[in-house]
Amino acid sequence: MDVPVARIVNTARLMFNGAVSAVRDATGNPDILFSRDLHWRVEAPNGNLAALGGRARLSRLDVWWPTDRPADQVADAAPLFGKGTILNESNGIDEVEIGGGGGPVARLTVLDKQPLRLRSQPPRNRDPEARQVGEIETETVLSGRWRLESLAHRGPERSLGRLPLLEGSLLERISAPAVSNSINYAAQAGTISFQAFYAQAGTRAERTASPIGPLVTVAIGEAGDRPRQDSVNDGFPARRDWPIQLIWAWGPESERATAARPYAHFMELATAITKAGLRLEGADYSRLDFNDTEVRVFYALTPPSIPPLGSYIDLGAGQGAEVARLDMARARLRVSQGHNLLSLLFRFSDLALSFRAGAPEIVAFNDRCEIGTRPTRETGELGVHDTRPTLVVEFPPQHLFEEVKFRPDLIPPPDTKIGFMVIAVKATGAVKKVEGESLPKLYQETATDITFDPDNRAHVVDALAAMRRRSGKQEWMLRSWIRHQKRLDPAFRSFGYKVEAELKKLKVRAKLPPQQTLYIGPFALDVDALHMVRKVHADNYTAIARELTEKMFVTVSQVRDDLELPEPKTFQEALTQELQVQAEIPQYRLFRDLYRDIMAKSLFSEGGTGLRPGDIAEGGTPGELEFIFAAQTGQPASLATPKRQSRAQHVVREFPKSLMGVEELGGPMRARLSGPSRLAFRVNCPDGIAAARAQAEGLDLPEDSAERLPERPLKFDLETLTTFRGMELAVTRRARSCRIRASWGRSGGARRGCQTLRPRQCWPIWASICGPTPPWPNAWPRWCARCVGQARLRRQSSYRPG
């Protein structure tokens, strides 16, 4: 039966509180079919019907009452069910945008979807005594796999980027009162929510933009943690116990919000971060990594009166409020500086990274931050109870003893850049380009693939190692792809051919793995292979330097002809001509300086120059130390003696090394490395009374003000984290600095009266406090320690706050 769409929509409004509406731009009228079992169907192939506030267009709508209920419940309490088929065309539903009436706006992408479901029945989540007879609540559900593309609020500084793949549903609820004088169901109050769990927990990482900078997020939760569905029959979820829970609302009291543009009411998204793209001010390199740390991103229409627990990001934080806080207990901060060779690793205990307006700060994670006296668990006696946070600094192995010599080296072997991020699939070794060049270039490895920057050598080394753990074939394929991309550079290609020819020879001798014969740059190579690369590179430079030396002597001959210099008769005349020629050719001057240095050195060290015993200089005269061109050409014979010619040949062989800047090492270089070391510091927390006291006028500074530690948040910069003078070492009890403890529990007072007593000072103290000395001589260490303790207790009992 062909029925106008307006009549069907009016009937659907009465059934489903306006959850189903008409599409104005659709053509034709739908067909309606009835059956005897209380089932009717609407065929709308042109998408005449819409649901979810117009976000989904339907090509079919089925409505029925359950037949397994008693007959008297059909018209009273029995629910009315509906199922809608989403239009398969592009305007059905692929992307969903929810919000616009205030608060964050979510943009979702539907990857695969199930049929849309509807249900009308008395409200379930309300007190039965507060229900009105005839009050109906309609639920509309669209389930499937989703991608949360963004959650935008107040621009990029309050927005959240893409999250890992989700599995969940859109749920719309519209309530209609028992008595109403209006049929404008668009004005009825309602809510729409998105609830989901992660489809691939812990297996896929995403680069996510956030109000505190770029983050690398991973899915959290296990299969057993998924919320329990109500039943298989209806599949209408409850709004509780979901890792992702977003809810919007609209109603007559709101002027802006409608079913198509609701306002955000509450949002909570639980995810885990592994990296944070935060730059440590003052460091040349910094990297903040986390062992999977849960972070809750939330928004509340009414801001919470107490701060949230754990790590969080507040999308609705007001002016001056804390935007985010990250628990640093599972964080590792690596920093380095080039000019002072600084390399440190920071770890944190009971500390958090707080984000407000301006630069982030390191603050105490909880309010229990004090040092006092508490009864001990073992004996019940008062002891120091220190709950201050701890900052741990780890130092890499340091040189304990070394001899350092300056040795200029060649420029590094040629390398080139590829220029974009890639993803390598572990199973096949296939490599593809990553779209979105504005994303941070971070290394990410999952169970199935690796995302890395091929221009970052550390990334390439890690990626090759991961492929090698899989199999040598995958490593070969990844190396082949990198080599193919880099060989687009002619200089790299020419050098690569020479290197690989030598590596293939070395493969037989040194039994290198086959993948080591693929040259992708001067890194990620076996020790023998890397040595061969350097040798080929040095041979190239040596050949160039030799060619320059040969051209230099040809140029010397041309300059002599241009200057019309006659053949010298005496050594003094030849030396005068040499000074004229070297003024025209700077390289020739360098050669003559090297000749002079080698000859002068041979006067004092016979074995350190490489000269034959018969060629060593016999004195400091110019004839022994200076080079003349006749020694190279052999003319005239009176000046080109065999000794001078032999010396010249030796210097000609050494001159290319001088041009390359390579100097011989004169003796062994010894070094010994230590293991890594660690320092732990206690961080004092801010004290409001102490801060007010410091700002008060007229008060005198305490005597130990210069020794007192700062009580303020730590700035997130390298200078603050390395100012160890303002921190207190966390050491064993024996090495702790002496603190005076009062009987009323206060600790941390002035340090006057605390001193370390040497053993020889025990005897007079013992005689005055503990009585005569012990009769046996071997017991004095134990008695001495006892008397020292009693002496300290006497000093503590006399302490009064000044």
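Tutor: Start with serine 120. This is a predicted model, and in it serine 120 has a relative accessible area of 6%, so the residue counts as buried, the cut-off being under 20%. Serine 120 belongs to strand S9, which covers residues 116-121. The side chain of serine 120 has a partner: a polar contact of 2.7 Å joins it to the side chain of threonine 138.

Now the charged pairs. Side chains of opposite charge can pair when their charged atoms come close. A search of the whole structure gives 32 salt bridges. One of them is between arginine 162 and glutamate 149, where the closest N and O atoms are 3.0 Å apart. This pair links distant parts of the chain, 13 residues apart: glutamate 149 is in strand S10 (136-152), while arginine 162 is in the loop between strand S10 and strand S11 (166-176). The two partners can be sorted by accessibility. Glutamate 149 has a relative accessible area of 15%, so it is buried. Arginine 162 has 33% relative accessibility and therefore counts as partly exposed.

Another salt bridge joins the side chains of glutamate 268 and arginine 296, at 3.8 Å from N to O. Glutamate 268 lies in strand S16 (residues 263-276) and arginine 296 in strand S17 (residues 285-300), so this pair ties together parts that are 28 residues apart in sequence. Glutamate 268, at 26% relative accessibility, is partly exposed. Arginine 296 is also partly exposed, at 29%.

The next pair brings in helices. Arginine 647 forms a salt bridge with glutamate 624, and the closest N and O atoms are 2.8 Å apart. Here, too, distant parts of the chain are linked: arginine 647 is in helix H10 (residues 642-660) and glutamate 624 is in helix H8 (residues 622-625), 23 residues apart. With 1% relative accessibility, arginine 647 counts as buried. Glutamate 624 is buried as well, with a relative accessible area of 17%.

Salt bridges can also be listed as a group. Glu578, Arg592, Asp593, Arg596 and Glu626 are linked in a network of salt bridges. Glu578 turns up again where two helices meet, being one of the residues of H6 that meet H5.

Those helices are H5 (residues 527-562) and H6 (residues 571-584), whose axes come within 10 Å and cross at roughly 110 degrees. An angle from 65 to 115 degrees counts as roughly perpendicular, so H5 is roughly perpendicular to H6. The crossing of H5 and H6 is right-handed. On the H5 side the residues that take part are Val556, Val559 and Arg560. On the H6 side they are Gln577, Glu578, Val581 and Glu584.

Finally, the whole chain. The chain has 14 helices and 35 strands. Of its 802 residues, 44% count as buried, and serine 120 is buried too. Among contacts in the chain with a separation of 6 or more, 63% are between residues 24 or more positions apart.

Key
Residues are numbered from 1 along each chain as its sequence is written. This is a predicted model: local features need pLDDT of at least 70, side-chain atom pairs count only at pLDDT 80 or more; totals for chains, interfaces and linings use all residues. Side-chain values use heavy atoms; hydrogens and water are left out. A salt bridge is a side-chain nitrogen of Lys or Arg within 4 Å of a carboxyl oxygen of Asp or Glu. Helices (H or I, at least four residues) and strands (E, at least two) are DSSP runs, numbered from the N terminus. Buried means under 20% relative accessible area, exposed over 50%, partly exposed in between (1.4 Å probe, protein chains only). A polar contact is a pair of N or O atoms within 3.5 Å; within protein, one must be able to donate a hydrogen and the other to accept it, and residues adjacent in sequence count only if both atoms are side-chain atoms. Axes are lines fitted to C-alpha atoms, for helices over the stretch in contact, and angles run from 0 to 180 degrees between N-to-C directions. Angles under 35 degrees count as roughly parallel, over 145 as roughly antiparallel, 65 to 115 as roughly perpendicular and the rest as oblique. A crossing is left-handed if the near helix is turned anticlockwise from the far one by less than a right angle, and right-handed if clockwise. Contact means heavy atoms within 4.5 Å.
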